[in-house]
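This briefing goes through a structure by topic. Look over the sequence and the model before reading on.

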Amino acid sequence: MKLSGKVERVDLGMGAFVLVTDGGERYELHGGDRGMKKPGQRLEVEGEIDSSAVTSAMAGPVLRVTRYRAI
Amino acid sequence: MRKLVFGLALLMTVGSGSAWARPEVSGEAVDVRAGQSYELAVSLKPSADLAGELRALDDAQPESFIFNSADGDRTGVALGDLAPGETMAQALARLRADPRVDVVEPLVAVHADFVPNDPRYAEQWNFKQIHMEQAWNQAQGKGVTVAVIDTGIAYEDYGEFRQVPDLKGSSFAKGYNFVADTAHPDDDNGHGTHVAGTIAQATNNGEGVAGIAFAATLMPIKVLNADGAGNSADIADAIHWAVDHGAQVINMSLGGGAPSKIMARAVAYARKKGAVVVCAAGNMGRGVVEYPAAYPGAVAVSAVGRGGALAPYSSYGPQIALAAPGGDKSQGPAGGILQQTIDPSDPAKAVYAYLQGTSMAAPHVAGAAALLFSAGAKTPAEVEQALFAGAEQAGKRGWNDRLGYGVLDVAASLQALADHAKPGPRPEMPKVAFGDAAGGGARAASARLLQANAAHGLAKFALALLLAVGVAASLRKRERGTLGPALLAGLLLSAAGLWFLPRPGAGLGAGLLGLIEIPLPDWGRWLFGPGRASPLFYSALIPFGLAAVGYFWKASRSVMAGVCIGFAAFLGYCAWSGAPAISFMPLRIVAIPWLLVNLGLCLLFGRALLRKERLS
């Protein structure tokens, strides 16, 4: 699936990077690389929701990023 | 047609899970002795040979006496134990009559609050909030093992890892690393070490900060990687591993949105084996509790800030058991929870960090559970009852879906445990934490199906609007006893509750919405607390009243017919599920016929209304 939105760092537990889509949904970003994790940056992201994933931040469904592009 | 309507209603009831239809009737006997030792303090009359006087007293009276201190032969202050079988009053009366005794009284235990000497303890506002200083007087968690299923713990010097200084002196059981499949669950993230610190940071050691159950044993289990992510299979394995290696309390400050049968079974296994399973509710700030917290058998913990209000990030919902401090940094970092952990960029470097999250709230409850076990609780049910009773006494507001039974109060919970041996009403167990999968689980799952939808807010509004328009339209057209929206609304209201309605924030409106979101027969529990249901609510009484209204007020007839049939479906499900927790009816042999007879009456009322509607 393809999503676009803004990267934010949420201060939950040790902190996590999320993608807030234009529709207002929040996904926890996993995979990708460090370049993806810049607060304020707008991204177009390709990846899948990992429904078996469990995280310490509990900040939203886990989006496993396979490819991303700054927009 | 009617069969179809009934079938539909039954489906809805089962589908929505009617969360309260099948709470487990938990009746484990509690055997906690009140821990007083009935001791006496005696002051002897002045004498040249006080030691001789005491020996004489000891010989003459059935009680046994010793001097209170080495100075006793000068001060004359002695201590005594009651003789077997005698009461305090008998002993006092007899001893007062003894010529050697000046004063005798029950020994008053004077406890100063335990204030640890850790230099940054003053910054741990959260421990004051849950009354740790009184609690530490009574218990420190000795002999209890708490598994921390997380990112690992900085508990040993191994390879690039170092034990953090403020865990020196804390005790550790053998753990496991399910991420790397090794016996070294060291922390490469920082989350697990912080969580472990809240539970059992080395305390009164003149270093850093304190922990709740500092004499307990920590069992480090790593299931989350350096990014704080893991999967349900590893967690299920970890739960089994922990229980099989002696963990009595399991803390899981982790969660995900999708249910997993394997994880659910593991949680049920842990509780069956006698472990209390404490889980963080989630940080989505909405009315859906994450898994594993939402599984039956887990104690789901929401988070509050310094003021005791639900933290803005905290998830909430029908499975919340209680709340605990998770911090709220919106007014600055000091509003967070302070513990020692590692710097994630260098696992050998220790730092003190203020964190916030339901991740921080859960270990407060896990630590409290360890204290309760060490204070004599024998079963998870006893621990949970004491936790809820303590929280409830502090809040005095009963259960709600934000804070559960209230905010954790460790001192009050220890007191509740001690009081448990006394006769009187016992605190009720939460209605969903021990329900079956067809209860709370399914209700949550159906809510989740809607809410997992990206546009869940819109969908809920649309459903509510559709229903309202449908009812309005059918009231005007007066559809004749068909499966119209009015009948459907009535069915839903009594069989399942309008669980899909959107929820505004707080106030009377939200309270009333909370009422119509649950099945009508369960309104009694909303009004009178989430304990057992009144048999009058689980009967044909309400349908009878509503049917009478529908009989004479034509416009309401379809809705009322729906309510009657939905009611029948609810009672049917309740009887079928075999565990109707109805007060005054402990026996199924009484309760099930009661439900079936009333089910029949409800169907008759519904049928009468539909017939009347068709004839008119």
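A residue is buried if 20 or more other C-beta atoms, placed from the backbone, lie within 10 Å of its own, exposed if 12 or fewer, and partly exposed in between. The model is predicted: local features need pLDDT of at least 70, side-chain atom pairs count only at pLDDT 80 or more, and totals for chains, interfaces and linings use all residues. Residues are numbered from 1 along each chain as its sequence is written, and chains are lettered from A, ligands numbered from 1, in the order in which they are written.

**Helix α7 of chain B**
- In helix α7 (residues 191-200) of chain B, 10 of 10 residues are buried, among them B:H191, B:H194 and B:I199. Helices (H or I, at least four residues) and strands (E, at least two) are DSSP runs, numbered from the N terminus.
- The cover over α7(B) includes β5 (145-150), β10 (249-252) and α10 (358-374) of chain B.

**Strand β10 of chain B**
- Both faces of β10(B) are covered, with B:V249 and B:N251 buried on one side and B:I250 and B:M252 on the other.
- β10(B) pairs in the parallel sense with β5(B) over 3 bridges; two strands pair if DSSP finds at least two bridges between them.
- B:V249 is the bridge partner of B:V146.
- β10(B) also pairs in the parallel sense with β11(B) (residues 276-280), over 4 bridges, and B:I250 stands opposite B:V277.

**Between the chains**
- 20 residues of chain A are in contact (C-beta atoms, placed from the backbone, within 7 Å) with 34 residues of chain B.
- β5(A) and β9(B) (residues 229-231) pair in the antiparallel sense over 3 bridges, with A:T55 opposite B:A229.

How values were computed. Two residues are in contact if their C-beta atoms, placed from the backbone, lie within 7 Å.
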